[in-house]
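I opened the model to look up core packing and charged pairs. My entries follow.

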Amino acid sequence: ATMNAASEASTVAADGDTGSAGAAENGGDASAPRLLALTAMSRGDYMESPSFWIAGTELRLAFFPQGDAFAGDGDSSAALLCDDKAKLKFEFFLNGRSFGRKVLLGKKFSCDFRQPSSLASGSCPVAGEVVVGVEVHENL
């Protein structure tokens with residue numbers, strides 16, 4: 001699943017063969033105001049994707065541009081969320097870069113990473129600003 005954190009509207013498309021889903025975003029000219037909002041967000045504030053189903057589990061992605069409550073200075077955070085307890089082996093991606101395989105045991109898994117340069121500098125790129133993704137490898 002992917003979430004483009006600079007968009008205004010979301011739709012969800014699922015691909016059952018690969019065990020992945022995508023949150024397709026429609027930004028266009030509306031992306032610049034949303035980017036300004038991302039850089040202005042406070043620590044702990046987040047964007048959440050629409051729900052999607054993978055491996056029989058309903059999931060959501062959350063992106064904290066300034067990091068969650070436990071993130072270090074200059075870090076952003078991403079979380080994989082579900083309403084019911086789950087056991088999944090998965091991999092987070094930020095702008096296409098993998099952060100290694102992780103295991104969700106429960107309702108939430110989050111991790112921190114260096115803030116993307118488009119947010120750290122306060123710059124406002126036109127497209128492809130921040131894309132958070134997840135690939136589920138196995139339902140444990």
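**Entry 1: A78**

I started at A78, which, with neighbours up to four places away in sequence left aside, is in contact (heavy atoms within 4.5 Å) with A62, F92, F109, S110, C111, F113 and V132. I noted that this is a predicted model, where local features need pLDDT of at least 70, side-chain atom pairs count only at pLDDT 80 or more, and totals for chains, interfaces and linings use all residues. Numbering runs from 1 along each chain as its sequence is written, and side-chain values use heavy atoms, with hydrogens and water left out.

A78 lies in strand β7. Strands (E, at least two residues) are DSSP runs, numbered from the N terminus. I found A78 buried, at 1% relative accessible area. My cut-offs were under 20% for buried, over 50% for exposed and partly exposed in between, with a 1.4 Å probe and protein chains only. I also checked A78 against S110: they sit 32 residues apart in sequence, with 5.5 Å from C-alpha to C-alpha.

**Entry 2: the core**

Next I looked up the largest nonpolar core, which has 21 residues. Such a core is a set of buried Ala, Val, Leu, Ile, Met, Phe, Trp, Tyr and Cys residues joined through side-chain atoms within 4.5 Å. L59, L80, F90, F92 and L104 touch the most other members. Two or more residues come from each of β5 (52-54), β6, β7 (75-94), β8 (97-114) and β9 (131-139). β7 gives the most, with 8 residues.

I then listed partners of L80 beyond four places in sequence; among them are L59, F90, F92, L104 and V134.

**Entry 3: salt bridges**

I counted 5 salt bridges. The criterion is a side-chain nitrogen of Lys or Arg within 4 Å of a carboxyl oxygen of Asp or Glu.

R60 pairs with D83 at 3.3 Å, N to O. R60 is in strand β6 and D83 in strand β7, so this bridge ties together parts 23 residues apart in sequence. R60 counts as buried at 14% relative accessibility, whereas D83 is partly exposed at 48%.

D75 forms a salt bridge with R114, the closest N and O atoms being 2.8 Å apart. D75 belongs to strand β7 and R114 to strand β8, so the pair ties together parts 39 residues apart in sequence. D75 is buried at 14%; R114 is exposed at 57%.

E138 and K89 meet at 3.8 Å, N to O. E138 is in strand β9 and K89 in strand β7, 49 residues apart. Both count as partly exposed, E138 at 38% and K89 at 27%.

Terms used. Helix = DSSP H or I, 4+ residues; strand = E, 2+ residues; numbered from the N terminus.
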